[in-house]
Amino acid sequence: MDLAHRLFTQKKYNEASQQISALLEECKGNNKKIIKLKSHLALCGYMKTGCTQPEEYLETLNGIVNQYSQDLKTVDLGYVIYNQAIINYQLKRYQKSASQLESLCNIVGSLDPYLGFESAYLFLKLCIENNHISQSNDLVALIEKQFFQSNTLNKKQKGSELLTGNQNKNKQRFLMMKIKLSLCCSEHSKAALFVNQLQEIKNRNLQQQRLQENKQSQQKENPRGKLTERELFNKNLSLNMMRCKIEHSKMNLEEAKNNLWKLSKTMENSKTEERNNSSFWSSFYNNLGCVDLKNNKPGSALFYFKRALIANSQICKNEKTLNNFSKDKRSEIMYNTGLCLILLEKPQNAFQFFQGALVCLYNRPRVWIRLAECCLLEHFRLIKDKKQKNSLNRLVKRVIGQGQSRTVILQTGDGPNDGLNINEESVSFEDIVSSDVGDLQFHGIPVQSMSLDYASKAASNSILISEKLLKKVNNQKQKFSGTNIQNKNSKINENTKSLNNEKNEKKRENEQEDEKQKNDKNSNLKNKSTTTNIKIDHENLSKNDQTLKQDLEHGLLLLSYISLCCQNPVTALSSAKMLLNYKPEPYREYLANIYAAEACCLLNNPKLAKEYISKSLQKRRYQVEKLLKGPKDLEMMSPKEFESNWSDCVTALNLAFVLILQNDIQTASEYIKQASRMFPNSPLVLLSCVYLELTNNNIQNALDLLKSCHAFYPLENSQK
Amino acid sequence: MNSFLQLEELTKLQKLLHDQSTPFQNLGRKVTQNFSNEQHFSVCSVLTIMLRDDLLPGEERIVALYLLLHLSPLGSELKTDEKQKQQQDSKNKKKQLLSVALPPFLPVLLNIAQNSQKFNETQFEAFFVTIGLSDPNSDLFKQRPNQIGVNNIERLKKYFPESSKIDLQVIFTKFSQIESEIPLVNKMGIGSSVPDPEKGKESKKNVEDLIQYQFNTNEFKPPFVRPSPSILQILDNELIWIDYEDETLLPIWDQSITNVKSNNDQFKNLLKKAFTSQLSQPEQQQIILRLENEPKLLEDSEITPNKVKDLAEKNPIISFEILKRFSEDEEKINRYLESFIQTKVTLHSMEVINKLSGVVKKLNQEFLNRFVSNCISSCREIKDKYVQGRHVRLVCAFIRSLMNNSQLDVKSMYTELQSFCVNFSRIRDASNLFRLIKNQMK
């Protein structure tokens, strides 16, 4: 067996295979040995192909596990399971890989220490990459306890002795992971501490290297000199790698601290180190792009991301090995590029890049949210274009006839709120690529067209994923079950059912309205109890989990809005209600109340609509947060606007709308007057005023109003 | 299907509306000849818009109403004979009729007809529509439009049927039922055309204007403002930072097969190592886990009582784990404990016995007495006062722990314990222990 191993390490895979085959024939009946030999045979075969056929290798390993899992324990299948996990990891099947590694980590104490450390280390890496912070912390504690914590007696004896061999290398790898984790949790001081520790180890290694160099000069005439040289070369290489890692750790640290100037300098230094490494260059340009984007320079960031994508495409071009595949960070770079394009107000291009990012980042709710946002932005752009084309931004649609029979046709239907199918006008991905990032190739990316329907699906996906992740966090942290977040679909369906029932009841008997409201109140009470539980959970949420909560809330808000655009008030109301149950921040609560109110109006329940609008009135104060600038003329409300009088004006107009529905024209007119005092020139306010005059048969007043606002009255143009 | 009429078709329709000299019934026939069945909906739409937005002069409105009546015939289910009416139970009939679908443009006509319910009101159009709905074959429609004249209600009255051939009441009930089902939002719209006559100018309206009109199917409603959510802020940690990784993750060779022949061998080797040197914590953990999973491993491991004693010095935790597993067999455990008496008492041996006393129900009393005696005498043998004091404190803690675990019979050792406490009364722990012993003796 030793011989086979030696042949394997010398990359003589054919000979090693022959050796193992011979051993396999000898040990019939010993299952444990057979498993190991078979897995070695498969490994030799896999290495022989230059790691190009991972699926075949994985299939063999699966076969071994399936055949022997009933007779043997997980401990005996440890290496096979680990190899399965590593292939799945490189194939970016993270969930599968995680479940396999988790099973190994559960029995880490009884595993071979080498295997135990590698399993725990890979699992930790996986968890950090997927932002599973609490699980990562647990794993760090486990690794520390199992592999780096000597008992009191050992400490006394060893004192400050250096760690040796594998342990030293593992310690460095583990420290790198700890730095990454600390940065993920925004614990900068902790990260700095680990960087110092890493630096110390590096310095010690340097001292050792110098000692060895002295020895080497003494042994120059020794026939074994050549071997020592090679050993030293390896050591140098590993030290270089180590230095590079340390530089990168520093970079992470600086990035997290937003010290952009220092960061770019550090990057310039590391640039000289590895000149022909595509993987390095792709990460370098991507990170440089991140720096520029943080520095509010999206144009230059896009340039770097483009270069990062080109460097990344080289990785796959070189050799199609599994290791290169795992180094391919196209999805991550594409996601960053998408963010950059959103800032550059190019939602169509951004959409395509986010779609590309989905290949690996499909389980991140934020990607789905960005996709939905791109569709919405594009939707707004098309409405704006259409308005400009048809002069639809005016209150008057057209003027027909002349003289005594001249008639003014008012703007109807295609208002700012109305949905529009953007499929017809969407531009193909090829056009975008050729126009903007022409030298990049994106083969094999499924191109979906942008539409409100897709936006609604994307929003639903973000809700499902963030709910699932939050549920996992809750279960892990508080062992909290039963009353926490339920499956979104089932809940929406339940709400839909109840809404349909409400609708039917309304049709049958108006008298039952009061009872229904009681029911609503009861259901609200039930919801409240759920919400309190969730709230308790959220108090203990980490920064990362807070982001998840934000994703969930924003997803629900988007779904509610998009559903209204798609004229689906039932889904709009159910998602708005669900969002309100989560006690969102005031800005979202305000919007959710408005959406719920509109949905209620469409579902013929103005009474409930009025309740929602009055709730929105109460939620006005909001702490202003930095936001991207949205196209204001398209009714996109930013938190800043929410805090301004505009939200009051919106509430007044909507309240007037509901009152008109309830036939209370007099009170409605008071609200409209209130709105017109705040924003006299707003087209929405003017439309409401004109409507009021026309319902009161004051045609002349309505005309005067239209004429008073000259910009909205295209009389002269039409006459021409 | 194109729901709008082309310029040519609109001209045809306008001609029909202008024609005042052809009887109504002939106009109806002409409209069915000039327009295909598929176009009827578009014709009705255009007529409805014209009526709603008041685009036609009075005489043309009447023709438009007739054409609408002609193109929206009521189903035969709604028509009733006088005899049938008497025979059938009126309630059942009404129920049956309520389930019948109404033509799509009938509500427009019914809205106009509703005004004729009170006879004292002189509403010409309402009368005209009511006659049309009640008796589509009325003699009125054999007349020419210019024969009737506009707003001449007296002339219409003679055509008003004494008994309607169609139960209008049923239709009105159905109409109100349908109307109640229409959402309030859909009902709040008003006509979007506002007459804005220019003074001193002649009226000019042509077919081109009509084309523009027919696109104006939507109604004017006040806006419900729906602000869209803003884009989610790009957070600092949202940008994906890529760490350069030189580490190549490859499947690993199962080295356990080359280093140690089997897991059992591995265990034996580790145990062998434990007799001579201290194990690292992972190694200790590995042994403990193996012992937990496979207690039978101890049977083949050739552990002698003396080896256990040695083990206690190097790896007390493992020694304790092994003794714990032997404790089920009283004879065996006594044999192994004997080795602890034969050698010098150490901190580690005390630690092992102390831990054992917490796990085993009742340790051999004779062994305990001898071991405690050894502990006491070991204190006396130490000459260095500092080391002696430390050792006495440890022995006191050990004895107290045994007493707490109800393992030690104080009575049988009272004299020895008393002299120990008196001898070392300068140490606070010893005097405390003495107090405890005395209390227990009481």
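Q: Hi! If a salt bridge is a side-chain nitrogen of Lys or Arg within 4 Å of a carboxyl oxygen of Asp or Glu, which residues are linked in a network of them?
A: The network links Arg366(A), Arg370(A), Glu373(A), Asp551(A) and Glu238(B). This is a predicted model, where local features need pLDDT of at least 70 and side-chain atom pairs count only at pLDDT 80 or more, while totals for chains, interfaces and linings use all residues. Residues are numbered from 1 along each chain as its sequence is written, chains are lettered from A and ligands numbered from 1 in the order in which they are written, and side-chain values use heavy atoms, leaving out hydrogens and water.

Q: Thanks. How many salt bridges over all chains?
A: The search of the whole structure finds 21. Side chains of opposite charge can pair when their charged atoms come close.

Q: Where does Glu238(B) sit?
A: Glu238(B) is in the loop between strand E2 (228–229) and helix H14 (256–259) of chain B. Helices (H or I, at least four residues) and strands (E, at least two) are DSSP runs, numbered from the N terminus. From that loop, Glu238(B) pairs across chains with Arg366(A) in helix H19 (residues 365–389) of chain A, at 2.9 Å, N to O. Arg370(A) also meets Glu238(B) in a salt bridge, again with 2.9 Å from N to O. Arg370(A) lies in H19 of chain A and Glu238(B) in chain B, so this pair joins two chains too.

Q: Glu238(B) and Arg366(A): buried or exposed?
A: Both are buried, meaning under 20% relative accessible area, with exposed being over 50% and partly exposed in between (1.4 Å probe, protein chains only). Glu238(B) has a relative accessible area of 7%, and Arg370(A) is buried as well, at 0%.

Q: Which helix holds Glu378(A) and Arg381(A)?
A: Helix H19 of chain A holds both, three residues apart, about one turn of the helix. Glu378(A) is buried at 2% relative accessibility, whereas Arg381(A) is partly exposed at 33%.

Q: Switching topic: how many aromatic pairs are there over all chains?
A: There are 20. Rings of Phe, Tyr and Trp (its six-membered ring) pair if their centres lie within 6.5 Å; planes under 30 degrees apart count as stacked, over 60 as edge-to-face and the rest as tilted. One of the pairs is Tyr89(A) with Tyr94(A), which is tilted, with 5.7 Å between centres and 55° between planes. Both of these tyrosines are buried.

Q: And why is the pair Phe371(B) and Phe398(B) edge-to-face?
A: Because their planes are at 75°, with the ring centres 5.7 Å apart. The pair links distant parts of the chain, 27 residues apart: Phe371(B) is in helix H21 (residues 365–381) and Phe398(B) in helix H22 (residues 385–404), both of chain B. Phe371(B) is buried at 0% relative accessible area, and Phe398(B) is buried at 4%.

Q: Which residues do ring pairs link into a cluster?
A: That would be Phe24(B), Tyr66(B), Phe128(B) and Phe141(B).
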